[in-house]
There are 2 protein chains.
Amino acid sequence: MQDEFIVKGNIIFTKDLGKYEIFENGYIVVGGKLVKGVFKELPEKFSELKILDYGHALIIPGFVDLHSHAPQFPNLGLGLDKELMPWLDSYTFPEEKKYSDSGYAKKVYSAFIRSLWKHGTTRSCVFATIHKNTTKLLMDLFAEAGLGAYVGKVNMNRNAPEYLLESTEESIDNTKELLEEYDHKYELVKPIITPRFVPTCSFELLKSLGELAKKYNVPVQSHLSENLSEISFVKKLHPKLKNYASVYDEAGLFGDCPTIMAHCIWLEEDEIELMVKNEVFVAHCPNSNGNLSSGIASIRKLLERGLNIGLATDVSGGYSVSMINAIVSSAMVSKLKWLESNRTDKPLTTAELFYLSTKGGGKFFGKVGSFEEGYEFDALIIDDSNLSIFNPLSMEERLEKFIYTGDDRNIKERYVAGKKIEEPKQY
Amino acid sequence: MQDEFIVKGNIIFTKDLGKYEIFENGYIVVGGKLVKGVFKELPEKFSELKILDYGHALIIPGFVDLHSHAPQFPNLGLGLDKELMPWLDSYTFPEEKKYSDSGYAKKVYSAFIRSLWKHGTTRSCVFATIHKNTTKLLMDLFAEAGLGAYVGKVNMNRNAPEYLLESTEESIDNTKELLEEYDHKYELVKPIITPRFVPTCSFELLKSLGELAKKYNVPVQSHLSENLSEISFVKKLHPKLKNYASVYDEAGLFGDCPTIMAHCIWLEEDEIELMVKNEVFVAHCPNSNGNLSSGIASIRKLLERGLNIGLATDVSGGYSVSMINAIVSSAMVSKLKWLESNRTDKPLTTAELFYLSTKGGGKFFGKVGSFEEGYEFDALIIDDSNLSIFNPLSMEERLEKFIYTGDDRNIKERYVAGKKIEEPKQY
């Protein structure tokens, strides 16, 4: 017998891009990990089930963060006066070195996961470091916390400090070990193939990773077209390949298995076509792209081309783990992009960005990010009563006010795949 | 006898643009409302004074918000899918109408002031509404709270809904009454002449306000060059005048008395020259300028021209009352501006933005925003111990981390002009 229950409250979510579904004082029937239905009036057949009544609170889907770096959590808010490449050298690489130490890793990773929990991020796609053991630890901690995640051991064998380089063989062997051990270990936490990005991975390594992805049928995540100096470096490294995307593509890492590429700011037309064809996901990281002076991705254009897009914090190129912060920054830069594009790329609305931060990214996890029937029940209970509300607000306005002026203090409960998740332990 | 005391802690502030002054475990000697000195070692002659030891906490100057609209506080985070002119019509004007009701005004204004207090804004330049009585109320509430403020009764006699228009005579009479009653009433709270902006003020009204400013020797605040459609509207209204700034200038409202102009995004060269010559302050409002799709002000360029610049939240075109949020947004848009300007307008650093948000805007209030000798002692005590710090950080990094990842929870005490300020009352 599945555990069945009902949550009641002011339900708001997006089934389609930019369009809210609203059930004021509505009901979500949950069976096991899935939504069995969402209703304005509770159907008779469910009348025996236990109702968790959240009163005036908002009930929204949990947030999905399509791209972040757990080991960079200690650097949150630091070093943001730098561009990508010097930032990597002076802040990121020296920090990532420390994750050979599992004591340190346990402290930071458990704090990172607590922070995700606090801010209502129920699913994440996360980079760890090159270190096999602490990558496993990160997966174990996610599983213990009850949050959903794809976690990648990072692969890198060139163009980084010696202390962060692996041999190609080591890199492949360790990745393989991880896949074998963790591919079926947890239901909500899975491994993902994670070449850092082209500059730090030889083509040989990329190709072997592509083979691994296919062999084990696991997804792939990496970075693409973030910063102009990075792109010209890639061109220099691979002069015979057409563009940045084609390096991944030639290596079998560009959509043969489900794939996420973070950033995608300076894409060439050929690259966009390839992404459309191969259904590659874009992880849009507005904060990080601003902070590191990278630019503004043309999300409107990519949406119009039919690409799969989710939002992401990119901790710690982004300074916040909060997905509502990612929504706010996305809105802002989309308006600046609209000006920059001579008013052709229409700004992204709050409703569109809410979709991208829930169902848009959730699609990478399967049926996640919505309260439609058959979706995994990931939800946040939002108490907005402290948000300086002086006038009656519509449901849309309440959500908008939470997104723009709320924070972790407003999130009262979190559910992942039908289970209420308590505050994860700090080690 | 003046009240004298010492605060001890990790002191950081900016005397010059972009350069931190750091006194780790240092001492600030306060006498009455003024800083008498800041020291690494306490001079013998002060050894008898009471020391308030804030231990490991950071001690920074209070924040100065050069531009916000108190009556728009209920709209915080709402309506941000719109541009300036439709946003005014559908959100702002209908809200401002309500401030004929002093019961409503008292509730909102006291909440607004509490919110400033919470977020460490010790001085503000604030727009009220056209309503004389509730503008007085706002000044009384600021004074009761102990925060510093310039508060303006808004003037508008055209191009707005009937319910927000005054006759020219009414507008002048009410402003005059306010000036007479409040110019010397409080030490920290003062009136300021506040024509909303050119579109809503006839030239006759502007000219009379210019005369009032000179007669009573009070400062002036308004909006300038925010949005392209606003600018073309101003051109249409005043076809014979050279540009937007010259309308204010011809009316005697552009630096004859100390003047702040909010936004200043699309300034013409002549306007910049006039601002330099007349020492007009710029209130930079990055959030609002992004939210309302207005654009990015060339702050780097204006700094290089020697203009006085402060940061501002522009509640509720901006979605946050927090000045650290204004710093973060300013940094981000300055990086996008750097890209937009083909890498000529260098990004603003955290240290530069910290200066603008303290001493830069503080200059409008006199000697405010620094811990140099003779400055009014406005200070915040920052406890950053909950900010996920895993490694030893320099003082600069601690400040940066607070700015990027902290919030009101980290602010433990606030001082204004030498006095500790308790949480203001909510009516």
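By what turn, and with what shift along the axis, can chain B be laid on chain A? Start there, then go through the contact between the chains, and finish with what lies behind it in a single chain.

Reply: A word first on the source: this is a predicted model.

Chain B can be laid on chain A by a turn of 180°. The shift along the axis is 0.0 Å, and the RMSD is 0.0 Å. The two copies are thus related as by a two-fold rotation axis.

Now the contact itself. Chain A brings 52 residues to it, and chain B brings 52. Between them, about 4,100 Å² is buried. Carbon and sulfur atoms give 58% of that area. Three residues of chain B stand out: B:Met332, B:Lys335 and B:Phe390. They supply 16% of the area that chain B buries against chain A, more than any other three residues.

Side chains of opposite charge can pair when their charged atoms come close. Between chain B and chain A there are four salt bridges. In a salt bridge between the chains, A:Arg409 meets B:Asp408, with 2.8 Å from N to O. Polar contacts between chain B and chain A come to 24 residue pairs, with both residues at pLDDT 80 or more.

Which elements of chain B carry this side? Helix 1 (84-96), helix 2 (102-118), helix 9 (286-291), helix 11 (323-340) and helix 13 (395-405) of chain B each supply at least two residues. Helix 11 of chain B gives the most, with eight residues. By class, the side of chain B that touches chain A holds 24 nonpolar, 15 polar and 13 charged residues.

In chain B, a cis peptide bond joins B:Val315 and B:Ser316, with omega about 0°. B:Ser316 sits in the loop between strand 14 (308-311) and helix 11 of chain B. Chain A has a cis peptide bond between A:Val315 and A:Ser316, where omega is also about 0°. A:Ser316 lies in the loop between strand 14 (308-311) and helix 11 (323-340) of chain A. Most residues other than glycine have a negative phi, and most peptide bonds are trans.

Contact between them involves 32 residues of domain 1 and 27 residues of domain 2. The area buried between the two domains of chain A is about 2,400 Å², and carbon and sulfur atoms give 66% of it. On the domain 1 side, A:Leu17, A:Ile403 and A:Arg414 supply 26% of the area buried against domain 2, more than any other three residues.

Four salt bridges are counted between domain 1 and domain 2 of chain A. Nine residue pairs across this interface are in polar contact, with both residues at pLDDT 80 or more. Strand 1 (4-16), strand 2 (19-31), strand 4 (51-61), helix 13 (395-405) and strand 16 (411-416) of chain A each supply at least two residues of the domain 1 side. That side divides into 16 nonpolar, five polar and eleven charged residues. As for salt bridges in chain A, the side chains of A:Glu187 and A:Lys33 form one, at 3.0 Å from N to O.

Two more local points. Over all chains, the count comes to 54 salt bridges. One of them pairs the side chains of A:Lys153 and A:Glu166, at 2.4 Å from N to O. A:Lys153 lies in the loop between strand 7 (148-152) and strand 8 (154-155) of chain A, and A:Glu166 in the loop between strand 8 and helix 4 (168-182), so the pair ties together parts that are 13 residues apart in sequence. The other point is A:Asn217, which has a positive phi of about 55° although it is not a glycine. A:Asn217 lies in the loop between helix 5 (203-216) and strand 11 (220-224) of chain A.

Key:
Residues numbered from 1 in each chain as written. Chains lettered and ligands numbered in written order. Predicted model: local features only at pLDDT ≥ 70, side-chain atom pairs only at ≥ 80, totals over all residues. Heavy atoms only, no water. Least-squares fit on C-alpha atoms with pLDDT ≥ 70 in both. Contact = heavy atoms within 4.5 Å. Buried area = accessible area lost by both parts, 1.4 Å probe. Polar contact = N/O pair within 3.5 Å; in protein donor to acceptor, adjacent residues only side chain to side chain. Helix = DSSP H or I, 4+ residues; strand = E, 2+ residues; numbered from the N terminus. Nonpolar A, V, L, I, M, F, W, Y, C, P; charged D, E, K, R; others polar.
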